[in-house]
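Please open the structure in your viewer and keep the selection tool at hand.

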There are 2 protein chains.
Amino acid sequence: MNRRITEADIDDLAEGSAFLGTGGGGDPYVGALLCKSTIKRHGPVEVMSLADLPDDAEVLCVAAFGAPTVLIEKLISVEDVDVAARRLERLLGFTANVVIAAEIGGVNSTLPVAYAAMRRLPVLDADGIGRAFPNLQMTTFNIAGVPACPMVLANEHGECVILETADTLKAESLARPLVAAMGASAMIAGYRMNGATAKRAVVDGSLSAAMAIGAAVNAVQSATPAVDRLLAILRATPLYGAAFRLFEGKVVDVERRTTGGFVFGHCEVAALKGSDRVRVDFQNENLVVKRGETVLAIVPDLITMVDTESGRAIPTESLRYGQRVSVIGCRAPAALRTEAALKIVSPAQFGLSEPFTPIEIINSRLPDDTV
Amino acid sequence: MNRRITEADIDDLAEGSAFLGTGGGGDPYVGALLCKSTIKRHGPVEVMSLADLPDDAEVLCVAAFGAPTVLIEKLISVEDVDVAARRLERLLGFTANVVIAAEIGGVNSTLPVAYAAMRRLPVLDADGIGRAFPNLQMTTFNIAGVPACPMVLANEHGECVILETADTLKAESLARPLVAAMGASAMIAGYRMNGATAKRAVVDGSLSAAMAIGAAVNAVQSATPAVDRLLAILRATPLYGAAFRLFEGKVVDVERRTTGGFVFGHCEVAALKGSDRVRVDFQNENLVVKRGETVLAIVPDLITMVDTESGRAIPTESLRYGQRVSVIGCRAPAALRTEAALKIVSPAQFGLSEPFTPIEIINSRLPDDTV
């Protein structure tokens, strides 16, 4: 991959992030606009490989926090990220050397790149999930024992709130009502770690993976259909490896409600011919896809609805009746499938009664080109 | 007054605080228990007059925050106050020289005394309201332009949240949902000020006034009826001065609900003979007492229901059908009646449509012995 992110790379990063956002993470278009204008002003961003990260480097994790439906209405601001980041640095007495994304999905992939541009810092080719998830504690950072706190939340009024609890699940339960009172979204900085800790706590290579996935989708000159290009790149990416076209059809029903700081809902997709249909349930991100009572894929594995024609990912807030969609499932990064990880990101953590079964087992065959 | 608060003074302080709590502020009995045990362990607490406060003294304001109905169920802890106070001191780099109560009502009068005992610091003969109020911004500190933030909230799990906003009204709106997520109550430290600032921002003499009021009520050997003793001491106290027995009767209806971190409700009191009755509305504290549509007293003036026999104040959460009560009204401290103050503590700020009219004007006569 290129070792610098320029304006020309942002559309690929945004498109790949939309796929890895699995329906959530906020509209990447908003993040892409922010990212392009910030890079135009401050210059390209160096991408640092995890292997090149010094053990004593100060790694700064920033993110937008709130329901995706709000993040598309309230424009995110790199200045608000700066308020949160500088407050954390001042509080703990450090100066960031490199920026990392909390999640590689939606707006939270592009936001850290924009902030790295503003600070003229490199961005790490890594993140804390390898996809998007709705909760603060659902990160490989937390799975590896890195606490989210102290965590700073900042909003567009320059207001800061600092959370200090050793229990990251509790930090989530404090942050959620707080962010509602702060205007339904906030920029956060937390999960402070050094390079040595980051090396055992992050998903390696996810930023370049997102850009590669986006580039495949955006390769409109290709003779290969978009969904096939998408499946091929996922299967060629070690981080994901197994990918499946779980269903193809049109959206026949969408129900969505924003409550408690989350978007909950489901979408039904019916075959263009015949009576076959599947249902996708989501909480910010798509959680499970089922044909009747049969699970086709389930968290932490990735489920994304893409436009069948263009291959472009459709966030849950953009689902509309009549859309022609393909439901794509792919394998979660290995770090989300360990026993320790499943205590934090299993289906039960999302209120689902079905146990986690790996997508490649459910679908009983691994594609030939799975790495 | 005595210049030290000993165990023997606590019942008077608690009783006076119950009266000045005007129905809210948390059950002073809980605070009294805490205060006695802390003084027993650490020794008496020196009371510092405002006149003796050095201009460069660091004044530490601590309080319990949450609905009174919760504060009586979840015992308050001086250790949690210490977590909040020490965090604020460490954050801002100061060491407290003297402790002040945010409000002189209910548990928030005794809690700072207990904490002063623990820290072996004096407590200031003053507070930030001169009564109790339900909201963070409703203080003479805020009226005088002292910001509440940075403010630390701490709970029994050692969790801390630091609020940083220049707008104290906003701090209230952030703290309220947060405290619900922290377990419905929290100990807070904030409103940092030095001695010079305190001198223009506090209600002077309220701690000794509370003890004097409590002593009058507790003077059970006196031949004078309790309510008469209470009225006499209020009229003799410059801070309040005017006091009225607005109504006497029995409780015939109480409605109370804890919602959004507050206790809202009302109480109807009917005359023992005849059909005369009044209604008292409250939000944590009693806000207005009316006979039909006629206001007899309204915030910021004080309205407290006391047991007609014993003169002891009855918190809203302890109101019961059939209780024999006298509704006592008295003049608010002058600092709550200025134009600047009424922007923050007028009836409209509590959602009432009636304008503020001073109790001594409504009741058309000032008692002879008003100072």
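How many bridges join strand 2 of chain B to strand 5 of chain B, and do these strands run parallel or antiparallel? The model is a predicted one. Select residues 123-127 of chain B for strand 5, then residues 45-48 of chain B for strand 2. The two strands run parallel and are joined by 2 bridges. Within this pair, Met48(B) stands opposite Leu124(B) of strand 5.

Arg4(B) has Glu46(B), in strand 2, as its bridge partner.

Now turn to chain A and select helix 2 (residues 28-42) together with helix 5 (residues 107-119). Their axes come within 8 Å and cross at roughly 15°. An angle under 35 degrees counts as roughly parallel, and therefore helix 2 of chain A and helix 5 of chain A are described in that way. The crossing of these two helices is left-handed. To view the contact, display residues of helix 2 including Gly31(A), Leu34(A) and Cys35(A), and residues of helix 5 including Thr110(A), Leu111(A) and Ala114(A). The residues of this contact comprise 11 nonpolar, 4 polar and no charged.

Finally, display both chains. A rotation of 180° with 0.0 Å of shift along its axis superposes chain A on chain B, with an RMSD of 0.0 Å. That is the relation of a two-fold axis. Select Ile162(A): of the residues of chain A, its C-alpha comes closest to the rotation axis, at 2.4 Å. The same surface serves both copies, as 100% of the contact residues of chain A recur in chain B.

Definitions and conventions
Residues numbered from 1 in each chain as written. Chains lettered and ligands numbered in written order. Predicted model: local features only at pLDDT ≥ 70, side-chain atom pairs only at ≥ 80, totals over all residues. Heavy atoms only, no water. Least-squares fit on C-alpha atoms with pLDDT ≥ 70 in both. Contact = heavy atoms within 4.5 Å. Axes fitted to C-alpha atoms, helices over the stretch in contact; angles between N-to-C directions. Helix = DSSP H or I, 4+ residues; strand = E, 2+ residues; numbered from the N terminus. Parallel < 35°, antiparallel > 145°, perpendicular 65-115°, else oblique. Left-handed = near helix turned anticlockwise from the far one by under 90°. Nonpolar A, V, L, I, M, F, W, Y, C, P; charged D, E, K, R; others polar. Pairing = 2+ DSSP bridges.
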